[in-house]
Amino acid sequence: MAKVKSAFFCQNCGYQTPKWLGKCPSCAEWNTFVEEIVEKNLSQLVAFSTNTGRTAKSQVLQEIQQTAQTRIVLQDKELNRVLGDGMVPGSLILFGGEPGIGKSTLLLQLAILEKNLRVLYVSGEESDQQIKMRADRIGHQNDACFILTETNLQNIFLQAEEIQPQLLVIDSIQTLHSNQIESSPGSISQVRECTSQLLRYAKLSDVPVFLIGHITKEGALAGPKVLEHMVDVVLQFEGDRNHFYRLLRTIKNRFGSTNELGIYEMQGSGLRQVENPSEILITNTDSDLSGIAIASTLEGARPLLIEVQALVSSAAYGTPQRSSTGFDAKRLNMLLAVLEKRCGFKLGAKDVFLNIAGGIKVDDPAIDLAVVASIMSSNADLPIHAKTAFAAEVGLSGEIRPVNRIEQRISEAEKLGFDSIIISKYNKGVSQKNYAIKIIPCGIVTEVIKALFA
Ligand code: TYD
Ligand code: MG
């Protein structure tokens with residue numbers, strides 16, 4: 001009887017060793033090795049070492065004929081945008097996100113809305129009934145949308161052969177298992193093997209394949225980094241489950257830019273594409289409220305006006321509280337220290353709460369000035385004129401620092417009807433002549449305070 005072959009795999013990075021190790025030499029994580037049974041396909045090994053029948057020849061780069069790449073343009077404009085103007089045939093796309101964020105909903109919606117594509121939607125997580133219920137919520141119909149509830153990869157390929165889909169969706173890669181490997185679904189070696197077989201399928205058949213992937217608590221794509229190397233495109237679906245907005249980001253794209261961002265709103269009937277995000281992220285109140293400032297930010301290449309809300313109040317207990325949602329807490333503490341030291345605001349004995357509206361996370365440094373302005377506004381209980389926007393970073397000595405692509409930020413604020421924008425005076429090449437919106441350049445935080453409240 002043949003001996004069962006097994007190896008130890010790091011569950012964090014996929015590193016393989018024949019013996020158990022405490023610490024992974026590749027990613028330096030402790031206690032991540034798990035024994036998995038691997039059944040190497042002998043014929044494959046032989047094929048590598050001997051003649052494979054096919055003789056690949058090297059070519060001069062100049063002589064390689066470029067075939068016109070026809071992209072499949074989707075109905076879903078947001079998805080089109082993040083994929084780089086449509087889906088490339090034969091591409092393998094990994095679609096990650098936390099549980100419950102709406103991955104299955106978005107891809108089922110894609111399967112239903114693409115009426116001119118034959119789609120095979122494979123689910124290893126839900127029953128036909130559940131999928132049907134979800135499809136009913138979304139409405140619409142695609143006569144050529146096939147649902148398969150299956151976790152065995154070989155059976156999936158058999159069905160794919162029969163149906164000949166033009167798009168394959170796998171929900172999710174962690175539930176699949178291949179006969180060629182003994183270890184359980186979701187283990188590193190299974191995930192890796194199934195992905196490589198699907199990759200081969202995609203490349204040979206020219207069918208684009210979407211793989212849904214789970215995300216760990218830390219926010220990394222569950223299991224293996226290896227997956228990210230194998231696939232052509234990595235998309236990440238994120239957002240706060242208690243809010244309606246969802247952002248679709250490109251982490252990697254072999255066929256386009258990673259600067260694109262898609263925005264959706266979760267509704268009772270599926271995910272709606274949000275074409276003009278700035279408008280919905282700002283609350284339109286008639287009265288000016290203190291503690292609110294609008295930042296003109298960029299998410300990737302997409303301008304986004306975002307409302308920052310701050311509440312400053314006297315600390316009821318000894319230690320003042322600092323809490324922030326959607327903005328880095330360390331950065332908030334730093335900005336508070338700047339206000340305290342450079343501008344003489346006595347915030348040491350105050351509670352400070354900060355919130356980015358819409359439940360989205362921002363790490364564009366250009367939001368700094370709006371954060372500072374909202375805090376000062378709440379502290380003094382003086383509202384900021386509702387038609388003022390901000391776009392600048394704040395440095396450690398209270399200086400207002402320039403940010404990239406300022407023209408785009410100014411134009412977006414102007415487009416949405418703002419009448420003034422405060423930026424850094426060190427931003428080069430910005431000329432008031434080109435804009436109807438009033439540009440207020442400032443060099444230091446105290447100047448901003450004067451401009452706002454004096
Ligand atoms: P789901 O797609 O199952 O998430 P994932 O596959 O990422 O785990 O999304 C589930 C959530 O979306 C669930 O909490 C219900 C909500 N939802 C809506 O609000 N509207 C809808 O039309 C649908 C189908 C789901
Ligand atoms: Mg799901």
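This is a predicted model: local features need pLDDT of at least 70, side-chain atom pairs count only at pLDDT 80 or more; totals for chains, interfaces and linings use all residues.
Local features need pLDDT of at least 70 and side-chain atom pairs count only at pLDDT 80 or more, while totals for chains, interfaces and linings use all residues. Residues are numbered from 1 along each chain as its sequence is written, chains are lettered from A and ligands numbered from 1 in the order in which they are written, and side-chain values use heavy atoms, with hydrogens and water left out.

Let's start with the sheet. It is open and mixed, with nine strands in the order 6-5-7-8-4-9-10-11-12 (strands are DSSP runs of E, at least two residues, and helices runs of H or I, at least four, numbered from the N terminus; two strands pair if DSSP finds at least two bridges between them). Strand 6 (145-149) and strand 12 (270-273) sit at the edges, each pairing on one side only. Inside the sheet, strand 7 (residues 167-171) runs parallel to strand 8 (residues 209-214), joined by three bridges, and L168 stands opposite V209 in strand 8.

Now for ligand 1. Its shell holds 15 residues, with G100, S104, T105, Q267 and G270 the closest (a residue is near if one of its heavy atoms lies within 4 Å). Helix 3 (103-113) gives the largest share of this shell, three residues; helix 4 and strand 11 (261-267) each supply at least two. As for polar contacts (pairs of N or O atoms within 3.5 Å), a ligand oxygen atom lies 2.7 Å from a backbone N or O atom of G100, and one is 3.0 Å from a side-chain N or O atom of R134.

Methods: A polar contact is a pair of N or O atoms within 3.5 Å; within protein, one must be able to donate a hydrogen and the other to accept it, and residues adjacent in sequence count only if both atoms are side-chain atoms.
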